[in-house]
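Please keep the sequence and the model in view while reading.

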Amino acid sequence: MNHSSIIYILGKLLQIEALIMLLPLFVSLIYREDDFLPFLITIALTGAVGTAISFKKPGKASFYAREGFVMVALGWIVMSVMGAVPFVLNGDIPNFTDAFFETVSGFTTTGSSILSDVESLSHASQFWRSLTHWIGGMGVFVFMLAVMPMAGAQNMHLMRSESPGPEVGKLVPRLKDTAKILYRLYFALTVLMFIILLITGMDGFDAVTVTFGTAGTGGFAIRNDSIASYSSLQQIIISVFMILFGFNFNFFYFLTFGKSLFDALKMEEIRVYLLIIAGSVVVIMINARACFESLFDAFRKSLFQVASIITTTGFATADFDLWPTLSKTVLVMLMFIGACAGSTGGGFKVSRVIILFKAFQKELEHFIHPRMVRNVHMNGRALKEETVDGVKVYLGAYIIIFVVSVLIVGYENHDLITNFTAVAATMNNIGPGLSMVGPTCNFAFFSPVSKYVLMFDMLAGRLELYPMLLLFAPTTWRSK
Amino acid sequence: MKIIIVGCGKIGAALTKALNDENHDIAVIDSDEDTVKSVANSMDVIGVEGNGASIQTQREAGIAGANLLIATTGSDEVNILCCMIAKKANTNISTIARVRNPVYREEITYFKEELGLSMVLNPELLAAREIARLLRFPFAVKIDTLLRDRIEILRHRIKENSPLADIRVMDVNRKLGSDVIICTIERDGEVFIPNGASMLFVDDMISFVASPEDATRFFRNIKEETHQVKDTIIAGGGKISFYLAQQLLSLGIDTKIIEMDPKRCEILDENLEAATIICGDGTDEELLLEEGIEHTESVVTLTNIDEENILLALYAKKVNPGVKCITKVNRVVFDDLLEDIDLGTIMHTKSIVADRVTSFVRAMQNSMGSNVETLIHIIDEKAEALEFLVTGETEVTGKPLSELDLKGNLIIAAINRGKTIMFPKGQDEIRPGDRVIVVTTHKGLNDLNDILRK
């Protein structure tokens, strides 16, 4: 285990975080609020620690998959700890566990909150909360790769540990360029959404924070009723962008680099993803028709909620906890499916669902034709057996973590729906669940133990399980 | 014409024979001395031993004065290289390369435009196209198209109780209400071109030309099924199977391939998502029954062993009498024997390639005196259909057909004028600009005037 490399990278990470925190500092200056000092202290602290531990370059620069996983897992935890400091210092969230929960929820783009009244926060706090979504969406290590002069093939381990999906590949030969392309696409889409929202007449501050929440598929809003008080046009724009940010970013890469829309739409994952969305919207529109005022209202609210849940954003325009059981069931299913691989969304990922479904189909056919040769195909080519096995193992690990989490949270004696959907909503990085953690409620009532379990779930879900599991696995720390 | 053929394997030899029969001057290059000798001894051609991609060898074979080079060695890359070198040595030469690897399939235009190849031959793809066409029209025994797919030429065996049995050729259209022209009759191994008074009997194999709609009507009226097959079992997973499966799947036909080699199975599965690939022996009775040979609508046997293919076809016909069977046979030696057993359609890859090259060569000659546009062998090599373009006033134009003194065993099957296609009667005439389809048992017709008795 190359400890010096890990510490060096963590130091660099903290330096970057300090720089990013300058943004909420400016917000604080603009609105002339009194939490200027807390942010300044945090920045100084973060920057100083970061500089101190990364002052000395590591003796041995090379590191491998194991260090990559540990760096990413530790990095996200450290980053969240420092991110929580301003909330504690400025008194918005005095309890450290709660502040930590809120920041983890932000960076992992979950959007589960322990706050009952977000409108009482200072502008800088609100801005910082939303900004964590945007940074967590594409990944902070990917950002590091894009902006910092880091050479070496080993950085692929970082990228692979942080990016979602069963197969992580490069778009162009250089990893740095790949990271840059991803961030450029991400940035361009974000700016586009911000401008469109401004044109529709949304207040500038609202537009920035909503855009951050949507782009990272996070879900923190700055109003107590989430998105419901914005106009229906704005809601539809947000729905569309949520769906877009749930796309595999290769899609946008193909579009910008010459391929036609028709060709790009041939990506199987995207077609299935859009089909699931369309199907769910229709089912909910019919099933929950009593809860809507008109056909348009039904379309708007169902589309928004389906988009919000499947992309694991977690915004709400309606209290879907009041919808009929079938609609709620559909939404819970969508929580588990999640967005496309290579998007900013969380969940199990559409591509994994497709692979599992096809592997299942293949197994069935094998009973009828015992000597049949068949691989699982995706986008017209056969997948390696390892990839398919990887997905099956991922499902296993996913279920185990899920069950254990529900079990631990269960000691608190809340009803099963609350516990189940709380774990589902955090592990899939969605935000709100049902019943006591429904869209109008929050997570404040959980005990600290449960909160830490849910935090672990959020990080595990965002980092695709393995970094968090390896961080706590003894074999990782055993030298040789 | 002076033609150089590089590589004298199965296809090379078949081409040499076909082109030799058409009286071209041929030089054969092969790296194997014995092969060169045996070809040079059995046919009136010159043999050169050596590497066909070497300019020395090509010069020895007379590249400077040659009109055409055909490269058919076992390697695609060598073939392409041969053609490129030949093109450098002699800019006026036309080149044909055999390129079989599916990888190059999408790149044929590039080969033609950038590398200067005149034609890219893919025998497996040609064979697969042929088979796919047969499976789409399961009622016909063999089918080809003329005049850019606007008319079809089909073969059909007259069954017992068929309305075609024991009637005269001139009564066929009246009785069936269709517009077809019967071009050849095959009876007891003999092929002849009928006239209106010829009688049709049970077990005759007839061939006829018709528009696709008329062909469908014709078969409906003689109570033959006209739908395309729903599923097929292909034995053997070679290149033909691959191309065939690709085409069948795109037509929505359920395709199952049985192949013995597990590695080959993997490759097939990689590229043919919708096909069912079975890893096993295609001659294993148990396996065939398990995979539903009794219920399938068609069976295509494409293994590398002729005997296996024939056996498999016989077995399929036995357990599933209604099945449409297509059997690949590489050697043509026992053709007479095979005619007597009901194997469905027999595919000779070699003759398909020979047809294609011969018609290309004839079209090349067109600019040097001949004007055959397309040539199709109807019954192996016993009868052929030729498409002529009438370029100017000649002896045959401007007169009613009934006044022309045509050779025996020759029929004018169709005339294409502008957008219309005519199945000519005695009072019709040929005009400049027409395309004329002639079916004949005579060989080596190079000009439309050759149809007249001299």
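How many residues does the contact take from chain B, and how many from chain A? The contact takes 13 residues from chain B and 10 residues from chain A, two residues being in contact if their C-beta atoms, placed from the backbone, lie within 7 Å. The model is predicted, so local features need pLDDT of at least 70 and side-chain atom pairs count only at pLDDT 80 or more, whereas totals for chains, interfaces and linings use all residues. Residues are numbered from 1 along each chain as its sequence is written, and chains are lettered from A and ligands numbered from 1 in the order in which they are written.

On the side of chain B that touches chain A, the elements that give two or more residues are α10 (262–271) and β14 (276–279) of chain B; helices (H or I, at least four residues) and strands (E, at least two) are DSSP runs, numbered from the N terminus. The largest share of this side, 5 residues, comes from α10(B). Glu270(B) has its place in helix α10 of chain B and, leaving aside its neighbours within four places in sequence, is in contact with Asn375(A), Arg381(A) and Ala382(A). Glu270(B) counts as partly exposed because it has 16 C-beta neighbours inside 10 Å; a residue is buried if 20 or more other C-beta atoms, placed from the backbone, lie within 10 Å of its own, exposed if 12 or fewer, and partly exposed in between.

The contact also involves strand pairing. Strand β1 (residues 372–373) of chain A runs antiparallel to β14(B), joined by 2 bridges, and two strands pair if DSSP finds at least two bridges between them. Met372(A) has Ile278(B) as its bridge partner in β14(B). These two strands belong to an open sheet of 7 strands with mixed pairing, in the order β1(A)-β14(B)-β13(B)-β12(B)-β15(B)-β16(B)-β17(B). Its edge strands, each pairing on one side only, are β1 of chain A and β17 (345–347) of chain B. Within the sheet, β12 (residues 231–235) and β15 (residues 298–301) of chain B run parallel, with 3 bridges between them, and Ile234(B) stands opposite Val300(B) in β15(B).

Helices accompany this sheet. Helix α6 (residues 123–136) of chain B packs on the sheet, touching β12, β15, β16 (324–328) and β17 of chain B, and its direction makes about 170° with that of β17(B); axes are lines fitted to C-alpha atoms, for helices over the stretch in contact, and angles run from 0 to 180 degrees between N-to-C directions. α10(B) lies across β1 of chain A together with β13 (254–259) and β14 of chain B, running at about 175° to β14(B).

Chain B as a whole has 14 helices and 22 strands. Of its 454 residues, 45% count as buried. One of its strands, β22 (residues 435–440), has 6 of its 6 residues buried, so β22(B) is largely enclosed by the rest of the structure. Arg435(B), Ile437(B) and Val439(B) point one way from β22(B), while Val436(B), Val438(B) and Thr440(B) point the other way. Strand β19 (residues 383–389) of chain B pairs with β22(B) in the antiparallel sense over 6 bridges, and Leu386(B) stands opposite Val438(B). Strand β20 (residues 410–417) of chain B also runs antiparallel to β22(B), with 6 bridges, and Ile411(B) has Val439(B) as its bridge partner.
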